[in-house]
Amino acid sequence: MSDERSYMSGLGGHFESEAVGGALPKGRNSPQKPAFGLYTEQVSGSAFTAPRHENRRSWLYRMRPTADHRTFVRYEGAKLFAPGTVDDPLPPNRLRWDPPADLPEGTDFVDGLVTMLANRDPADLEGVAVHLYRATKSMDGRVFVDADGEMLVIPQQGTLHIFTELGAMDVAPGWAGLIPRGIKFRVEVDGDSRGYVAENHGLPFRLPDLGPIGANGLASARDFETPLAWFEDRDEETEVVQKSLGSLWTTTLDHSPLDVVAWHGNYAPWRYDLSRFNAIGTVSFDHPDPSIFTVLTSPSDVPGRANADFVIFPPRWMVAEDTFRPPWFHRNVMSEAMGLIHGEYDAKADGFAPGGLSLHNLMSGHGPDLDSWKKASNADLQPAKVDGTLAFMVETCWPYRPTRFALDRSQPDYDEAWAGFPKAELP
Ligand SMILES: O=C(O)Cc1cc(O)ccc1O
Ligand SMILES: [Fe+2]
């Protein structure tokens, strides 16, 4: 299906695209009479006055203005999507989940979203939530829009065909896709589809600085793909489900709002093939901090402390000498949510399955489980490839809180992963 679509290369650049020749005004944004009677609309992803390198906005030329809608009322579907987190004191326990066997069935992408972890309040314009989804049917006659943040979609099973206001993109397992805050979209699926969504309430994800790594390495801007303008001209009832300030709302239009015929700007959806990530690691000794695997970062107000980092653990060579090669035992002031797309994660011999999730909140002791520790402590340290695996982490400075759904389904025995370590023997 990918071959049917066309994309523009780059991240954060200024694009222009028109699905009908002549729809995009030349040399100005807001002509008195846009071509074909189209409506001009600016969508801002940053404050008007944001510094130039932070400034994100696009100009849309559409068949009807977004403003033409009737009153939103509460949406009663998607009961497990953004229900709020549990208010009780949260024990400092590590938590892990098998892929839940009771994710919604027979639902589309919106009703199949299940919130597992969240922090902050969307109204703070900071924080991140981690959702799972299961979709067994396509969204039909409706679209979704998230006013609370951008949605980083990380499929684990089944390709998502995401039709956004700015264009259509296919996002398969092994890829990530991003729908900016406030951009409407519809998701079509081919069958049982599952995966993860990181909903970022904070500053938009961007590439991390590379420091001494230099001008190249990790994720390259050119590998991000933004779809060309695409639209549908459908005068049929279309439901708009909107997430706003943490709750879900609905209204019905007499047309599809995916009617943007042309657009230009730097606020746009994209997809990224995670296998394009240029992993960098030690060629001498020691296990580097996982920040070398940062694909994208959403900064907080504190320099170097991310509101959210999207980090992957892709196939890579391990060559470190005299080194315990898997992740070390550690405690982290940042909070770590991890998911697995496929294969096995090198710090967890058992119990962390594709589609599962784990939470190591601030300062909780974690690291290799007993079996992984034994294996790596005695391994012959030849160059070895960690292969056939793709794990990821959404690391944040704001401690996560689980939802009721998540708390009720966490593995009861996760602490056992770290039971039975032999005591050190002093001379
Ligand atoms: O806890 C984890 O498995 C994630 C992780 C990986 C790593 O290589 C170093 C630190 C870290 O938190
Ligand atoms: Fe960790």
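Q: How many residues of domain 1 are in contact with domain 2, and how many of domain 2 are involved?
A: In this predicted model, 45 residues of domain 1 are in contact with 48 residues of domain 2.

Q: Which strands each supply at least two residues of the side of domain 1 that touches domain 2?
A: They are E6 (95–97), E7 (113–118), E8 (128–135), E10 (150–157) and E15 (193–200). The largest share, 5 residues, comes from E7.

Q: And by class, what does that side of domain 1 have?
A: There are 29 nonpolar, 9 polar and 7 charged residues on the side of domain 1 that touches domain 2.

Q: Where are the domain bounds, and how far apart are the C-alpha centres?
A: The domain assignment gives 2–274 for domain 1 and 277–412 for domain 2. Their C-alpha centres lie 27 Å apart.

Q: Turning to the largest nonpolar core, which residues have the most contacts inside it?
A: Those are Leu152, Phe310 and Phe392, in a core of 103 residues.

Q: What is Phe310 in contact with, leaving aside neighbours within four places in sequence?
A: Phe310 is in contact with Leu152, Ala198, Phe205, Val295, Leu296, Phe392 and Val394.

Q: Changing topic, which residues surround ligand 1?
A: Ligand 1 is surrounded by Pro290, Pro327, His330, Asn332, Glu336, Ala347, His360, His366 and Met393. This shell divides into 4 nonpolar, 4 polar and 1 charged.

Q: Finally, what is the mean pLDDT of the chain?
A: The mean pLDDT is 97, and 99% of the residues reach 70 or more. The model scores ipTM 0.99 and pTM 0.97.

How values were computed. Residues numbered from 1 in each chain as written. Chains lettered and ligands numbered in written order. Predicted model: local features only at pLDDT ≥ 70, side-chain atom pairs only at ≥ 80, totals over all residues. pLDDT = per-residue confidence, 0-100. Core = buried A, V, L, I, M, F, W, Y, C linked by C-beta atoms within 7 Å. Buried ≥ 20, exposed ≤ 12 C-beta atoms within 10 Å, placed from the backbone. Contact = placed C-beta atoms within 7 Å. Near = placed C-beta within 6 Å. Nonpolar A, V, L, I, M, F, W, Y, C, P; charged D, E, K, R; others polar. Domains from an automatic or database assignment. Helix = DSSP H or I, 4+ residues; strand = E, 2+ residues; numbered from the N terminus.
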